[in-house]
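The following exercises are to be worked with the sequence and the model in view. Each task is followed by a stepwise solution.

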Amino acid sequence: MKYLLLIYSNPESWEHPMFPRTPDFLALPEEERAELTRQAEAMHQEIIESGEFVGGEALADPLTARTVRVRDGALAATDGPFIETKEQLAGYLVVDCDSLERASEIAAQIPDARFGAVEVRPMMGASGPDL
C-alpha cells in the first residue's frame with residue numbers, strides 16, 4: 001500500500017532540508033546533530049534499497065503558494081497558505097510498504113518528526129484505497 005508522508009515544519013527559515021535550521025536542532029551538541037543527519041541519510045538509503053521509496057519533493061516557501069476556490073462559478077485566488085499555523089507543509093515522501101505501522105516507522109525516522117511533525121496518510125487509487 002502507498003502512504004503519503006507529509007512533512008511539516010516552521011517556515012521561518014525556509015530552506016531544505018528544514019530540520020538543520022530549527023532552533024531545537026541547533027541547540028543539540030554537534031555530535032548529536034551529525035548523528036541525526038547520518039540517521040536521516042541512512043533511512044533514505046534504506047527505503048531506496050528496499051524498494052519502499054516511491055518519490056518525494058521539498059516544497060517552496062508557503063509565501064509563494066496560492067489558494068484557489070470556486071464559489072458560485074467565480075474563481076477566487078489568495079496568495080499564501082490557506083491557514084495560519086506555526087508549522088506548514090514543507091515537503092512529502094511517498095512510500096510503498098506493507099502496513100501503516102511500517103509507514104509510521106519510516107516517518108519517525110525523518111528528523112522533522114522530532115522538530116515538527118510528519119503526517120502519515122494512506123493513498124487512494126481511482127477506485128478507492130490503494131490496497
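**Exercise 1: A surface patch**

L75 is exposed, with a relative accessible area of 61%; exposed denotes over 50%, buried under 20%, and partly exposed the range in between (1.4 Å probe, protein chains only). The model is a predicted one, in which local features need pLDDT of at least 70 and side-chain atom pairs count only at pLDDT 80 or more, while totals for chains, interfaces and linings use all residues. Residues are numbered from 1 along each chain as its sequence is written, and side-chain values use heavy atoms, with hydrogens and water left out.

Task: Locate L75 in the secondary structure and state which residues make the nonpolar surface patch.

Solution. 
1. L75 belongs to strand β4 (residues 74-79). Strands (E, at least two residues) and helices (H or I, at least four) are DSSP runs, numbered from the N terminus.
2. Together, V68, V70 and L75 form a nonpolar surface patch of about 300 Å². Such a patch takes residues with over 30% relative accessible area and no salt bridge, and joins nonpolar side chains (Val, Leu, Ile, Met, Phe, Trp, Tyr) within 5 Å. A salt bridge is a side-chain nitrogen of Lys or Arg within 4 Å of a carboxyl oxygen of Asp or Glu.

**Exercise 2: An arginine in a loop**

Task: Is R21 buried or partly exposed, and what lies 2.4 Å from a polar atom of its side chain?

Solution. 
1. R21 sits in the loop between β1 and α1 (23-26).
2. Its relative accessible area is 27%, so R21 is partly exposed.
3. The backbone oxygen of P17 is 2.4 Å from a polar atom of the R21 side chain.
4. Between the C-alpha atoms of R21 and N10, 11 residues apart along the chain, the separation is 9.6 Å.

Methods:
Patches are made of residues with over 30% relative accessible area and no salt bridge: like charges are joined within 9 Å, nonpolar side chains (Val, Leu, Ile, Met, Phe, Trp, Tyr) within 5 Å. Accessible areas come from the Shrake-Rupley method with a 1.4 Å probe; for residues, only the protein chains shown count as cover. A polar contact is a pair of N or O atoms within 3.5 Å; within protein, one must be able to donate a hydrogen and the other to accept it, and residues adjacent in sequence count only if both atoms are side-chain atoms.
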